[in-house]
Amino acid sequence: MTIKKAIQIYLDWKQTHTSVACSRYMVRLKHFIKFISPKSCLMDITGDDIIDFHKSMEPIYSPTTIAYSARILKNFFWFWHGRGQTEINPKEIIPIRFINADKAIVTQSDFEDMNFALGNDTLANLQKKLVLNLLWDTGMRVSELLDVRLSNISSQNFNGLRTAKVRSRKTMRYDLVVWSAQTNELLNQYLGIRLCFPMASEYLLLNRKTGKPFTSKSVQRWIKDIADMAMIDKDITPHSFRHGKANAILEHGGTVRDVGALLRHVSPSSSFNYLQLSEHRFLQTAGKFLRTA
């Protein structure tokens, strides 16, 4: 079987359960095809080819990108190893996980400063403020937030809380998220306007000018602009709120299990990736174990 055909079969299979990952995998696998040329047969590829491929990436790509490429090739060769179409042992492909120690984490203070800096006097500001509060309360991924439809949102509970069903593009699984009464007030204000939009779209966060849902790049730009307005000297992204939510859970006495439940992780190991301490909590924790005299 040719490597080109093998990749197409694999991507067709991948498409059945994770379309977003499929498009990303395609880029790296096509890059691999180009590198190993003129080899064209799947059975002719060796582990050395994979090592040489990743070495060739080192002068151009970051360690994180190379590690991601290794995970893609590992998954690809596991697929064909199971079908007996390759002699490569996928266990030999070891992707290293790089976690930036300086990754920005949104703290309670950061959120309050950003929230204060942004008014809700216009539709645009109201949308941005709603996004800010939903990210802080729920720790949603930006893709999950942008996928929320009006029909996914529950009726208001007697205590002012509200829930919504969100779908992870990574696992295609639906889970519940819940937000505070304060965020629900913002949502009610926004829904009073949103339900008057002339578009038939079900998406919650809709661009009134285009009639289309907002993109993740739009939300990333909003968050950056709001952080600048609040004079926060951090490289804050929408995902920084997810790390902030994990820290807030732990600071309020929660456990790793609570982090996994509220951030909707399928694998417990995923929760440990969010246990990076904020600088304030790191200094507090480290200080307990330092000499005092």
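Biologist: Which residues line the largest cavity?

Modeller: Leu134, Met140, Val148, Ile153, Trp179 and Leu204 do. Lining residues have an atom within 4 Å of a point of the space, on a 1 Å grid over the protein atoms alone. The model is predicted, so local features need pLDDT of at least 70 and side-chain atom pairs count only at 80 or more, while totals for chains, interfaces and linings use all residues. Residues are numbered from 1 along each chain as its sequence is written, and side-chain values use heavy atoms, leaving out hydrogens and water.

Biologist: What makes it a cavity?

Modeller: A cavity is a set of points where a 1.4 Å probe fits but cannot get out. The structure holds 1 cavity of 30 Å³ or more. About 40 Å³ of space lies in the largest cavity, a volume being the space filled by probe spheres set on the points.

Biologist: Why are H3 and H4 called roughly antiparallel?

Modeller: Helix H3 covers residues 47-57 and helix H4 residues 63-82, and they pack at an angle of about 160 degrees, with their axes 10 Å apart. Angles under 35 degrees count as roughly parallel, over 145 as roughly antiparallel, 65 to 115 as roughly perpendicular and the rest as oblique. H3 and H4 are therefore roughly antiparallel to each other.

Biologist: Which residues make that contact of H3 and H4?

Modeller: Ile50, Phe53, His54 and Met57 of H3 meet Thr65, Ile66, Ser69, Ala70, Leu73 and Phe77 of H4, where contact means heavy atoms within 4.5 Å. The residues of this contact of H3 with H4 are 7 nonpolar, 3 polar and no charged.

Biologist: What makes H6 roughly perpendicular to H9?

Modeller: The axes of helix H6 (residues 123-138) and H9 come within 11 Å and cross at roughly 90 degrees. That value lies in the 65 to 115 band, so the pair counts as roughly perpendicular. The contact involves Lys128, Val131, Leu132 and Leu135 of H6 with Val219, Trp222, Ile223 and Ile226 of H9. Its residues divide into 7 nonpolar, no polar and 1 charged.

Biologist: Which residues lie nearest the centre of the second largest pocket?

Modeller: Of its 18 lining residues, His54, Ile66, Ala70, Ile94 and Ile96 lie nearest. A pocket, unlike a cavity, is an open set, with protein on both sides within 12 Å along at least five of seven lines. The elements giving two or more residues to this lining are H3 and H4, and the largest share, 5 residues, comes from H3. The volume of the second largest pocket is about 390 Å³. Its lining is made up of 12 nonpolar, 3 polar and 3 charged residues.

Biologist: Where is Pro38, and which peptide bond is cis?

Modeller: Pro38 is in the loop between helix H2 (19-36) and H3. The bond from Ser37 to Pro38 is the cis one, with omega near 15 degrees.

Biologist: What is the phi of Met231?

Modeller: Met231 has a positive phi of about 55 degrees, although it is not a glycine. Met231 sits in the loop between helix H9 (216-229) and helix H10 (238-251).

Conventions. Axes are lines fitted to C-alpha atoms, for helices over the stretch in contact, and angles run from 0 to 180 degrees between N-to-C directions. Helices (H or I, at least four residues) and strands (E, at least two) are DSSP runs, numbered from the N terminus. Ala, Val, Leu, Ile, Met, Phe, Trp, Tyr, Cys and Pro count as nonpolar, Asp, Glu, Lys and Arg as charged, and the others, Gly among them, as polar.
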